[in-house]
Structure formats: structure tokens, C-alpha cells
Protein chains: 2
Amino acid sequence: MPIAPVRPRIEAIYHVRSDAPGIEARALAIAVEQSVEMPLAAVTDDFVRSRIVGHVEAVTEKARGLFEVRISLASETVGDDPGQLINMLFGNTSLHEDVVLHDVELPAELAGQFGGPRHGLAGLRERVGAGRRALTCSALKPQGLPPATLAHLAERFARGGIDFIKDDHGLADQAYSPFAARVDAIASALHRLALVGTTRYVPSLSGDLDRMRGQLSAAAAAGVDTVMIAPMIAGLANFHRLVREHPGIAFVAHPTMGGAARIAPALLLGKLFRCLGADAVIFPNHGGRFGYSPDICRAIASTALGQWHGLNACVPVPAGGMTTDRLREMLDFYGVDVMLLIGGALLEAGDRLAEATRSFVATVQAYRA
Amino acid sequence: MPIAPVRPRIEAIYHVRSDAPGIEARALAIAVEQSVEMPLAAVTDDFVRSRIVGHVEAVTEKARGLFEVRISLASETVGDDPGQLINMLFGNTSLHEDVVLHDVELPAELAGQFGGPRHGLAGLRERVGAGRRALTCSALKPQGLPPATLAHLAERFARGGIDFIKDDHGLADQAYSPFAARVDAIASALHRLALVGTTRYVPSLSGDLDRMRGQLSAAAAAGVDTVMIAPMIAGLANFHRLVREHPGIAFVAHPTMGGAARIAPALLLGKLFRCLGADAVIFPNHGGRFGYSPDICRAIASTALGQWHGLNACVPVPAGGMTTDRLREMLDFYGVDVMLLIGGALLEAGDRLAEATRSFVATVQAYRA
């Protein structure tokens, strides 16, 4: 078998809690755990010793008792599989309490192979006829409502001129609101409002890969071209497979189940989801129901949008208990390369939902950086 | 539409860090987050208010600043989708640092619908002709070795009389060791040793659902009837789909990407993986490379094995840096309803691998509780 050319290595960056005397051994243990997972003395193969074993490239003290550890891993161990990427980066080490996966530097070849967002910021703006302004989004909820009621909600959001209406991430394929019936009802309702035809309905995919494929077919048949998915529940490989199979569809990534494994939010949501094809990524904004700091939110947005191996920009979508009285502050914070998602606070308007939506939309459209 | 009969509710049990004055509000917030995810004042539908909204059933102080919160959720929100199950149990709440998903009580109907292990403890013992004794297992590694070298390792494990030989969970479908070539090489090697025909090779599945299906076909064609899978990377729904599609195959679940205790290990590995069909579950034993305590390990084993809605027992597989000098202690701790997995420590034997394996096997087979 011909020897394949050496490929550039992946560099994983961990934050490790340790005392100073112990950090070198701990760093080496992580490098072994995330590569060959066996005593190095028993690794006799030259290729494995020189290429496959993780290398500790650098250890830096960040604060007292907190170290940054950079470990390079062979790209060949990942191949083209996003599941194997996360397995190599953090699989067994996710079971250790003293480590956070802080960041990853991927070789350009690997990032380009995954390809990133197909549509991204420019594509999502184009879908709704928006220029260089922030996009608007709201959510259909609560789960438990039948399709007709959800469609009525969607109609009022659309009358208010909203850009995107997404399913709450709890809306799946339940007996009281089957996916296909829901998509048909909502798509038909929006279709009837041809005057506001730029509003896009974004249904939430759920279930195994085949069920999600079936949902995508039903959605496409109803004229839907943008969907939501929860990559950490779907499995990263299945998420990416759907992206590859449906180049015309834009994917909005939801962070649900993203927190249980201690991966830095900017890395997981901003970089990895983008790399695998998320066109937009929802995350908990600071000052809402979740504990992310302004710094974390800024890092997510800049990672999703920034120049990175030539990939398209992924739209940051701060959310999680946002209210219309924070719009100006959020726009000042994020600028216009953002999609603002306000769900519950609009639904509280009850009968005045369309008016509340219109006011939200007008504020965003009038904003000039 | 006829009203479906009311189904018994799921009960999720969270451990929440909070001060005493704040816990009631925090518990309610979790109940809302994990169900309707919007202000309750804006929920007007009677069915949603009475059935779909999460109910705080009990709040108990476990220790100073630590509370157990029991929240019931509607089974109808989950339907038959394992991905939606974990989404409802912990999705957004996984993003909150103050909460651990500690346990879940599933209605018998829901557990029965998922069905649990098809083969379990009895089936895995039968595969290798074992009576009521502990099973033995080792691992093929390091990744990076070509199929022929791995096959040679497998042959020596088999000569030592081991019950199961699993792939290291880093072995995927890499260019230097493609899945199909690896399975063929190893299955052929074991086939040639017909005298020890009770050794089972357990290859590791990776990639998206379709790639895993292809791997299962290749494995079955080579006579393999037991495989390993990483449910948290595959996605729970895809894992369960494979279980349903392949009733003759036994599945060993690997904990990679299971996170560090944000979901209690006994719940995730012992209960949920079992419920979705894991016949055996690997987990880090206490005193090895990972930080699980003896209590956690005991809880995982008893949850995997115990009486629960009539499901088959799932074999606990303590691992993660185990050595042969701990065999007696492990057998005393777990009893014989266990599979003992020793990987690296056997591989350190080098040329004496078959002998070291034989000694491991003999100790386990001679053990009487």
C-alpha cells in the first residue's frame, strides 16, 4: 500500500484545572487518552508512535491552577467523519471533570472538506429580501398546540413582517401535531399571505436520520427552504450528512444538549456547527434565561461570522428570553450581522401579536449602526 | 380528532444548586424550560396548561445548597423518539451550570416501547458458551495499525481464550484501516482458529446512520453478531433505530462524549442506554484513569442489571485502565454478572499476549462468588 502524504495535524486546545507539578503528566495523559488510549510503552509501531499518538505541543498557565494545553492529533484519525472528529477531540476526556475543550484549530483541508454554511449570512438575507440589516425571527410555541393554531400564530407573525418563524425546539413529530400536518398547515397559511411572501417558516427536524430525511422531503414539498436541527441530538455526522444531501436547504442549528459536555460555546456553536454546515446558530444571549456572559456571546458571534478557511459566515442568533426593550442594546452589541429571535415576549402580546411583531420588525429595520 | 387517552407522565429528577429562598422559582423555571419554554401567562390553551406544561411534583433539600427537584413531563411530547426524550429531559437545561439530570422514571409503556436489550446478559453469555460467570473482554489498539496487525492481535487474544474482542473506540473507518477490510481480516483470523470459536469480535460502528448500516452489513457478512456503538455521538435516535433494524445483533454501548456528570452516569449509561437497547455498557471503573467513585460504579451496574419494567439485563462492563491484579477485587465488587474489560494492560505483555490473556481468562473462570 502506498504511503499517504502526511496531512497537517488538528490542534485541540484544552483548559485543564491542575496544580503546577501535575500539569505535564496530566497533559500527556490527555494526549494519550484522545489518541491511542493505551500505555505508550506498549506502542511499538513507528507510524503510530510518530503520527497517531497525540503530541503535547504547549502548556501555558492561564491563571493559578488553570492551564491551557495544546495537543496535536492526526487528521488521518478523523477522515471525513464529523462524529469521529468530536470523538477524537473530546470523547473520553468529556468524562473527566477537570477538562474543558476550549478551542480547535482545524487544517484548512479538513475545514474545506466539511465545507461550512452553504447559504450563511448572505443567503439568509437573500431569502427574505433583506439588505445589510439585522434579520428578525420568532418561534411557534407552546408545544401541545394543534397545527391549525400554530398556523394562525404563524400568520400573525407574518402579518407583522417577520423574516423567519421557527418551530420551538420542543415541536417534534408528536401525535397532537405531526410534522407533515404542521408544515402543510403553516406553509399554506403563509402562502395565502402572498403579500408578505418573504417570511420563511423554519420547521424543526427530529428523530433519526431517515425520519429527518422524510421531514425534509415533506418540508420541501410544501415550499420550505430553511429548517432547524439540533446537531448534538441528531449526531454531528447525521447533521452534516443532511447538509450535504440538501444543498438548497439552509440549516439553523439549535444548541439543545450542547451543554452537558463542557465544550466552550464559541467552539461548539460558533466553529464546529458552522464548519459542518450551519447557516445560522441559535445561542443563549447574556442577560436572558441562561448564564452566558457578554464575552462568551461576543466570542460565539465573532467565531460564527469571522474569516475562517474561506467558509461562508454563519448567522449568530442570540435568544433565550429576549424582549423588545433590549433590541437597541442587542443591535449595538452585535451590529447588523445578526438574527434577533424573540419568542415568548411576542407571544405575550396575545391578540396584539401582529402589532407587537410589526413594532419589533420596524425597530430592527430602522436601525443604523 | 378523537382525544387520545391520558398517558402516564415521565418524571425527571434534577439535582439543583440553589439557596433555599430561590429554589421554588428555579424549579418552576426548569419545568417551563423543559416543556413550553415561554411565559406561562401567555399559555392559554387548556390542554397545554393542564398536560404539556411541566409540573414541579416535589422539591427536597439533599444537602445545604443542593436540592432534588422532581418534574413530571407529558409522555406525549416524546412520542417514540429517543432524541426527543433526551431533548425533553435535559435539552436546554444542559446549558445551565447549576443543574444535573440525576434520574428519570419512565412509564412502563414508554420503556416497553423502546424495549431494552434484545440479548443482554443471558444472550451475551450464550454467544460465548459461558454459564453463570463473569465474561472477559479486551480491546484492539492502538488505532493506526493496519488490518493485518490488528488481526494478529485478535488471534492472540483468541488463543488466550477471551470471550469478546472489541475495537478501541478510536478505530473508525480510517484510510489506514478501513472498516470492511478490518472486519474481514479479523473475522477470517478468528475463523481459522475454529477450536476457540466462542470468541466474538466486536467492531466499532462510526459515521452517520447510513454508514453504520453499511458497516453492520459488512460485519454480518463476515459472521459478526455483536458490535459496539457510541450512542452520544451517533445520536440516541439513530442508535435505537439500528437496534430495531438488527434484532439479531447485540450492541455494546461506549460512553464516549457522555460528559462529566451533568447527566448522572447511572441514568445515562445504566438506564437510558439499556432502555434503548444496549446489551452491554462500557463505563470507567473506579480506581482507573477516570474519576468515577465506587458508589457511582455500583449504581451503574445495578441500574443496568436490575429489574426494570421487565427489560432484559444489560451487562455492565467496567473498564478504563484496568489491570489483571485487580480481577479478584473487581469480581468481589461486581459479582459474576459483569464483563471485565482489560485492554492496554494485556497489550503491554507484548509477545506474551496470548499467555497474559489466558491467565486473565483462567482467573475469571475460576472465580466463585
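Analyst: The model is a predicted one, and chain A is divided in it into domain 1, covering 10-114, and domain 2, covering 120-366. Taken over C-alpha atoms, the centres of these two domains of chain A are separated by 33 Å. Where the domains meet, 16 residues of domain 1 of chain A are in contact with 14 residues of domain 2 of chain A, contact here being judged by C-beta atoms, placed from the backbone, that lie within 7 Å. On the side of domain 1 of chain A that touches domain 2 of chain A, at least two residues each come from α3 (82-90), β4 (99-105) and α4 (108-114) of chain A, and β4(A) provides the largest share, namely five residues. By class, this side of domain 1 of chain A holds ten nonpolar, four polar and two charged residues.

Turning to the contact between chains, 72 residues of chain A are in contact with 73 residues of chain B. The side of chain A that touches chain B draws at least two residues from each of α2 (46-52), α3, α8 (209-221), α9 (231-234), α10 (236-245) and α14 (344-347) of chain A, and among its contributors α3(A) gives the most, with six residues. Sorted by class, the residues of chain A on this side comprise 31 nonpolar, 25 polar and 16 charged.

Key
Residues are numbered from 1 along each chain as its sequence is written. Chains are lettered from A and ligands numbered from 1 in the order in which they are written. This is a predicted model: local features need pLDDT of at least 70, side-chain atom pairs count only at pLDDT 80 or more; totals for chains, interfaces and linings use all residues. Domain bounds come from an automatic or database domain assignment. Two residues are in contact if their C-beta atoms, placed from the backbone, lie within 7 Å. Helices (H or I, at least four residues) and strands (E, at least two) are DSSP runs, numbered from the N terminus. Ala, Val, Leu, Ile, Met, Phe, Trp, Tyr, Cys and Pro count as nonpolar, Asp, Glu, Lys and Arg as charged, and the others, Gly among them, as polar.
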